[in-house]
Amino acid sequence: AWKLDKILELAEKYGIYLQIVIINHGQLSTFCDAEWRDNPYNKKNKGFLNIPEEFFTDKLAKEYTKKKLRYIVGRWSYSPNIFSWILINEINLIGSKRRFYRKPVVGKWYEEIGSYLKSIDPYKHLLSCHYTILVDNELLRLPIIDFTITNAYYDVRKGQTLTRLQKKIYDFNSRFKKPTFISEYGGTPWGSSEENLKRDIVVGLWGCFHLPFAATPLFWWHRFVDEFNLYHYYRILSQFSSDIDRISMELDEEKVELEGKGSRQLEYFALGNKYFTSCWIYDYSVVRDIKRKNFPLFSEIRVILKDKIPGSYTVSFWDMEKGLTKTESVESTEKYLEFRIPPFRKWVAFKVKLKNEEK
């Protein structure tokens, strides 16, 4: 509790917003990050439950859980730097058997306890439920669930890439018609090579920013960022996005035409409207395996954007590791824009904005 006091003080000082997990899955699991053996509710520890599944039906367990929540709300809910509550994280990993999370009793517990938490929280913090996988169930449709989140670990040996998984996650979670984002990622669940982990930081940030997610994700191997001093990856995206107001601007996924030598090797994510486009382009081979690779120079790539308001536009080009590289003006007299991208390797981003719409 004292540690969380200090963490909140630092969050308030530095403008960081926290997603507070009340129960980590291991406390209620015997097969994944198993901590049930240490749980004080376990009869082997002089508790009153035989197996973790009983936690979701036992009257006394619910009573104690509500008392715990009452204390948490009483001590910490004052802070606007608590972004949201998560009652249980990675909830598909609870129980004595892997499929327990599918049982209706889990959803009923979440609805009862989540409703109680919301009823006693005077500051109406958001509430969510966290899975490591994509799940379509009634729990995520409950009114008490304000947004959906999941993990984004992948395995290139199975033909997966982080970019395609990002798109898959967004498309899947859109069915719930709630804000959604990837809460955790970082190669496979067991990590990756140094080069590929550095690559994944970039791909996770820029890929998710250019999909209609509510937020960019958390890179799980957080010490890696500090040990290799990779904060500039975050600073560059922050600078790129500083004049993009995702709340007031209505942005949808946008089709971008890429032409020129090597363009078939390029993929992209883009958001835009009739007077604005933000686009991230990457060499597809980058998201496969970056170790000891020499990536080609793309020097003749043209961009065509359609359905734009005629006028004068500002275009800025960005490198994911160096920042802003060039800014220029582009004129359009028709309902489309056309311009060349400066030579680049691996990846590049651009912003296009109608000048009289700029703030």
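In which loop does Ser29 lie? Ser29 is found in the loop between β1 (18-23) and α2 (59-76). Helices here are DSSP runs of H or I with at least four residues, strands are runs of E with at least two, and both are numbered from the N terminus.

The model is predicted, so local features need pLDDT of at least 70 and side-chain atom pairs count only at pLDDT 80 or more, while totals for chains, interfaces and linings use all residues. Residues are numbered from 1 along each chain as its sequence is written, and side-chain values use heavy atoms, with hydrogens and water left out.

**The chain and Ser29**

The protein chain contains seven helices and 15 strands. Its C-alpha trace spans about 75 × 45 × 35 Å along the principal axes. Of its 359 residues, 50% are buried, a term that means under 20% relative accessible area, with a 1.4 Å probe and protein chains only. Ser29 counts as buried because its relative accessibility is 0%. Leaving aside neighbours within four places in sequence, Ser29 is in contact (heavy atoms within 4.5 Å) with Ala34, Glu35, Trp36, Leu93, Ile94 and Gly95.

**Helix α5 and its partners**

Helix α5 has 16 residues and reaches 23 Å from its first C-alpha to its last, close to the 22 Å expected at 1.5 Å a residue. The expected span is 1.5 Å times one less than the number of residues. Since 13 of the 16 residues of α5 are buried, this helix is largely enclosed by the rest of the structure.

Axes are lines fitted to C-alpha atoms over the stretch in contact, and angles run from 0 to 180 degrees between N-to-C directions.

| Helix pair | Axes come within | Crossing angle |
|---|---|---|
| α5 (residues 194-209) and α7 (residues 231-241) | 10 Å | roughly 20° |
| α4 (residues 162-173) and α5 | 10 Å | roughly 35° |

Helices α5 and α7 are therefore roughly parallel to each other, the word for angles under 35 degrees. Their contact is made by Lys198, Ile201, Val202, Leu205, Trp206 and Phe209 of α5 with Tyr233, Tyr234, Ile236, Leu237, Phe240 and Ser241 of α7. These residues divide into ten nonpolar, one polar and one charged. Here Ala, Val, Leu, Ile, Met, Phe, Trp, Tyr, Cys and Pro count as nonpolar, Asp, Glu, Lys and Arg as charged, and the others, Gly among them, as polar.

In the other pair, Leu162, Thr163 and Gln166 of α4 meet Asp200, Val203, Gly204, Gly207 and Cys208 of α5. The residues of this contact comprise three nonpolar, four polar and one charged.

Definitions and conventions. Parallel < 35°, antiparallel > 145°, perpendicular 65-115°, else oblique.
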